Amino acid sequence: MTVLDRAQALSHQATPAAAPPGRARWRRPSGTATLMLIVLLGLVAGPVAMVFVGALQSSAPGLPDNTFSLDAVYSVYLSGDYYASLVGTLIMAVGVAGISVVLAALAAWFLVRVDVPLRRVWEFGLILPLFLSPLVGALAWSLLGAPRSGIINVNLRWLLNTDATFVNVMTLPGAIFVMILFFAPYAYLLISAALKNMDPALEEASYMNGRGVFSTALRVTFPMMRPALVAAFFFVAVLATGVFVIPAVLALDSGYSPLAVEVYRAMTVFPARPPVAAALGTLLFWFTLAGVYLYRRSVRHASRYITVGARGTRPRLVKLPVGRLVASVVFAIYMLLAAVLPYLTLVIVSLTPYAVTDLRRLEFTFDGVVEIWSRPDVATAFTNTMWLALIVPTLTVLVGLGVGYVVIRERGRIGALIDYLATFPIAVPGIVFATGVLWLYVRSPIYATILLVAIALIGAYIPHAARFSTAGLLQIDRSLEEAARMNGAGKLRTIRTITLPLLRPALLSAWTLLFIFTTREVNEAVILSGPTSRPLAVLAWNYMETGSVRNAAIVGLFLTVVMAVGILFARVILRVRLDSSSF
Amino acid sequence: MTEAERGTALEVKDLRIAYGDVEAVKGISFSIEPGEFLTLLGPSGCGKTTTLRCIAGLEDPSGGSVTLGGKEIASQSRQLPPDKRGINMVFQSYAVWPHMTVEKNVGYGLSKLDRAAAAARVSDVLAQVGLSKFAKRYGTELSGGQQQRVALARAIVTRPKLLLFDEPLSNLDAGLREQMRFELLELQRTVGITSVYVTHDQTEAMSMSDRVVLMRDGLIEQLDSPREIYRRPATEFAANFLGRANMIRARLDPEDARRASITGLSVTSDEPYDGDGDAVTAVFRSENVQIGAHAAALENTWVGTVERVAFLGRHLDVVLRIPTGIVRAEVRIEAEVQPGDTVDIGVRSRDIHFVPTDAH
C-alpha cells in the first residue's frame, strides 16, 4: 500500500538527517498531532487491545460473572480444533491473492501497455466490482452456480438434454473464484498505478539494448513493479482472510469453514462463546501481522525503485495483433462473470414470485419488491444505511486529512507513530476489529446503536482515507503553503485557503470510495448492529441466513440502487473521476 | 565488428511525425556520414527529440523514411521494432534500471554473447567509463554523473551501428556537465560510433558536433558545421540561437549586393547577399565590434552613445545606442568608456553577414 510504502520511504529519508541523539531532536508535538494521536488511540488501538483482553476472559467482557480464563486461548491455540480451519484459511488467502495478483498484473500490462481495443470500457469493467457488494455478488453466484438449482445448471440441462452438473460454486474453489472476481480489482488498481507512474525510458532503454516486448516485460517492467505486486498480494490476502460473507454464503456446504466464519459463529450462533471468537481473532491477527511484516521486509529497498522520470513522454503502446483480441475477449468474459451475470440474476430473482431458476418458466411481477419495500424493518434499515453513508465517509476523510497533515507536513516521532497506527487497521480483519469495538463500548449508552457501527467503520477505514490525503499532500509542493504563510496567513487560514482547495479532488475520491465501502459493509456491522441499527447490507445477510433468498436478493437490489445513486451523485454533481487514476 | 566500430551511415528523408492533428516534425531530410557526430539543436518544442525517438523506433513516422546502413528501418507503412535496429540510446533520465546492479545494467544487451565474453566486454567498458569499482552497486546508489556513465556504458557496450543521445547532460550541474561533455566526446571519438545528439544548449552543440542541424517548429532552419552556422547563419533565428548577434535591418543597395543602407546609416560586407528580396539584416558578433579612435579606420563606422557598461571579468560588455537600435560590444577591460559618452563604433566588412529579414 502507498501508506506502507511511504512510511518506508520516509524512514529512509530520516536516517541521514538524524543528527544529535536523545532529547535534542524531540519537539513538543503540535495540537493537531496530539489530537490525532488521541483519536487514533480511541478508534484503532483501543478495539485491538480489547480483542486481546477478551480472549483471556471466561465470557464476554462486560458481563457480571466474568473472570480471567485461559480456556479460550487453549481451545484455539492448543486443542487442535481449529487447525484445519487455520490451514484452510491460509491456503484460501494465499490462493486468492496469488491468482488475483497474476491476473491483475496481466490485465494492467495489457491495458496500460498494449493497444487493446476499447481499453476504457475494459478498465471500467475491471474496477466495476469495487462498486458492487461482495455479499450481493456471492448471493447472485449461489443462485447462478448452485449444483442442483443454480440457473446455469438447470438451463443447460434442458438445453443439452442431460442431467449433468456443469458448475458448482458451493465449494471452496467456488468461494475462491468469487473472491477473485471481487478482489482482483484492488490488485489491479495498485499495480496499474505503479505501471502508469513508471518512467517509460526504463523500458525504452531495454528495447534499445535489443530486447523484445516480452523479454522487456519480464526483465524490466515486472521486476520494477515488485513493490506494487507484493503490496497487492498482501492487501488481497488480508482482505480474503477477513471476509466472511463470501465463504459463508458459498462454502457452507463443503464442511470447511474459514477462521472469519468461525469468529462469526462463535459470536452469534447459540451457545455464543465470545472469548473463543476473540482468541480466534488474535490468531488471525498474528497471521495478518506476519503478512504486513513480510510485506515491509520485501519492499525494504523500495526507495531504490523510486525513479524520477524526465518530461512526460507517453509510453509507446506495444502492438500485438492477436494478443489484443484475445485480451479483449478475456476482459469481456470477466465483465460478464463479475458484473453482468450477477446483476441479471439479481433482477430476475427479485421479479419472480418464488425463486424459480428455470428460464422457461419465468413470470415477472413487482409484488415481491413492493411487499419488501413496505416492511418496517426495511424502512429502518434504509434509514440506517443512509445515516452511515453520510457520517462515516465524512468523518473518516476528516480524520484521514489530519493524519496526512501530521505525517507529511509535521513529521517527527509522533508523526511516525500516527502513521503506524493509521496503517494498522489494514492488518486487522473487519470482523475481529468489530468484536474489539463491541467490547470497548459494551457498557456505554451507544451499545447496539448505529453510532457504534459508525465508530467501528471509521476506525477500519482510516487507512484508506489516510492513503488518499497523504498521496494528495505529497503532490502539493510545500512552497505553495509557505508562500501563503509569508503573505501573512495563519496556519488555519493556509489550510483552509490553500491546502484544502488543492486537496479537494483527492478528498472527494476518498469520500466516494468510503461511501461505497460503508454502504455495502457487512463484516463489521453484522456483529455490532441490533435490530433497530441494522443497515440494508446486514438485513440482506439476515434474510440470506434464514433462507429467504428472494428477499435477500430484493434487499440486495435496493442496496445496489443506493450505491448507484451515490456514485452518480459523486460523478455528476461532485465531478469525482471514477477511474483507476483516482483510487 | 570493425564495420560497426567505424559506424554506419544514416539517412533521414522527408521525415514527418504527427500526433493526432498536430504535426511535430514537418518533413525534414539530412544524412550522417559513418563516424560523424551530428547534433539536433533547437528550442523546446522544435521536434528534435521527436526526430531522435523516431530514429530509435520509439515513435512512428507519418511520412518519409529513415535508412540506416542502406537498409530502410522506418517509413509510414513499415517500422522495424526498436530492438531490431541495432541502435542504442542514452536517455535524458539515464533510465538506469534500479533493480539491477551496474554490471547487470551494462551487460543487459549482451544476451546473445556467452557469459565469459559478455563479462569481459562489460568490464572493459566499465573501465573505459571509470566505473569498475562500482560494478556491484545498484544503479540508484550512484550519483547523477555516475548514473550518466552507466547509461553511456550500457549504450556503447552493444557496439551499436548508431548511438543516440537525448539531452544526456541536461540533468547535471554546470561543472559536471562541462567535464562530461569532454569525456563523452572523447569516448565517441575512440569508439567512433556514428552519433546523433539532441540538445537545446548551444555550447554543447558547438563544442561537440561535426555538424549541427538547427531546428525550428518542426523544420530544419540550417544544417552545417558549428563554425559555419556561427560565421554565416542562414537566418536571423540561426544567428540568435548560436551565440549573440547584433542586427541592423536595412535595405539592399540595388547596384551593389555588398551594401545595404537605412536612414543615415550604411553597412558593407565582403560577401554579396545572395538571397531573395531586398529586405536584409546585417548580422555581426559583439566580439567583432570595436569602439574608440581606431574604430574610425574600419570599413563600417557609426557614431553611437554608450548606454550601459558591465564588467564581466575577461571583457567589458558595452551596450551602445545607434539610430537603428542597440549594438552590443565586447571590449578590452582597459578601454575607458562611461555611460553617456559619444563614441565611434567600427566593424570590419569581413565580419558582416547579410541574412533575409524575418517577416514576423
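This is a predicted model: local features need pLDDT of at least 70, side-chain atom pairs count only at pLDDT 80 or more; totals for chains, interfaces and linings use all residues.
If you want a residue pair to look for on the screen, B:Val12 has B:Phe30 in E2(B) as its bridge partner. E1(B) and E2(B) make a hairpin in which two residues lie between the strands, and in that turn B:Gly20 has a positive phi of about 60°.

Let me move on to the six-stranded sheet of chain B. In what order do its strands lie? Reading across this open sheet, the order is E6-E7-E8-E3-E9-E10, and the pairing is mixed. The edge strands are E6, residues 87-90, and E10, residues 219-224, each of which pairs on one side only, and from one strand to the next the twist averages 20°.

Within that sheet, E7(B), residues 162-166, and E8(B), residues 194-199, pair in the parallel sense over five bridges, and B:Asp166 is found opposite B:Val198 of E8(B). Further along, E3(B) pairs with E9(B), residues 211-216, also in the parallel sense and over four bridges, with B:Leu38 having B:Arg211 in E9(B) as its bridge partner. The antiparallel part that I want to show you is E9(B) with E10(B), which are joined by five bridges, one pair to look at being B:Arg216 and its bridge partner B:Leu219 in E10(B). These two strands form a hairpin with two residues between them, and B:Asp217 in the turn has a positive phi of about 50°.

Helix H5 of chain B, residues 144-156, lies across E6 and E7 and runs at about 175° to E6(B), whereas helix H6 of chain B, residues 174-191, lies across E3, E7 and E8 and runs at about 140° to E3(B).

Chain B also holds an open sheet of five strands, with antiparallel pairing and the order E15-E19-E16-E17-E18. Why do E15 and E18 each have one side without a neighbour in the sheet? Strand E15, residues 290-291, and strand E18, residues 325-331, stand at the edges and have a single partner strand each, so one side of each is left without a neighbour in the sheet. Inside this sheet, E16(B), residues 300-311, and E19(B), residues 342-347, pair in the antiparallel sense over six bridges, and B:Trp302 stands opposite B:Ile345 of E19(B).

Now to the place where the two chains meet. On the chain A side 29 residues are in contact with 32 residues of chain B, and the two chains bury about 2,600 Å² between them, with 55% of that on carbon and sulfur atoms. Across this interface there are two salt bridges, including the one in which the side chains of A:Glu204 and B:Arg53 meet at 2.7 Å, N to O. Eight residue pairs are in polar contact across the interface, counting those with both residues at pLDDT 80 or more. Which elements of chain A give two or more residues to the side that touches chain B? They are helix H9, residues 200-208, and helix H10, residues 213-224, with H9(A) supplying the largest share, seven residues. By class, that side of chain A has 11 nonpolar, nine polar and nine charged residues.

Finally, over all chains the count comes to 27 salt bridges, and I would like to close with one inside chain A, where A:Asp115 pairs with A:Arg324 and the closest N and O atoms are 3.6 Å apart. A:Asp115 sits in the loop between helix H4 (83-113) and helix H5 (119-127) of chain A, and A:Arg324 in helix H15 (residues 323-351), so this pair ties together parts that are 209 residues apart in sequence.

Terms used: Residues are numbered from 1 along each chain as its sequence is written. Chains are lettered from A and ligands numbered from 1 in the order in which they are written. Side-chain values use heavy atoms; hydrogens and water are left out. Contact means heavy atoms within 4.5 Å. Buried area is the accessible area (1.4 Å probe) that two parts lose on being put together, summed over both. A salt bridge is a side-chain nitrogen of Lys or Arg within 4 Å of a carboxyl oxygen of Asp or Glu. A polar contact is a pair of N or O atoms within 3.5 Å; within protein, one must be able to donate a hydrogen and the other to accept it, and residues adjacent in sequence count only if both atoms are side-chain atoms. Ala, Val, Leu, Ile, Met, Phe, Trp, Tyr, Cys and Pro count as nonpolar, Asp, Glu, Lys and Arg as charged, and the others, Gly among them, as polar. Two strands pair if DSSP finds at least two bridges between them. Axes are lines fitted to C-alpha atoms, for helices over the stretch in contact, and angles run from 0 to 180 degrees between N-to-C directions.
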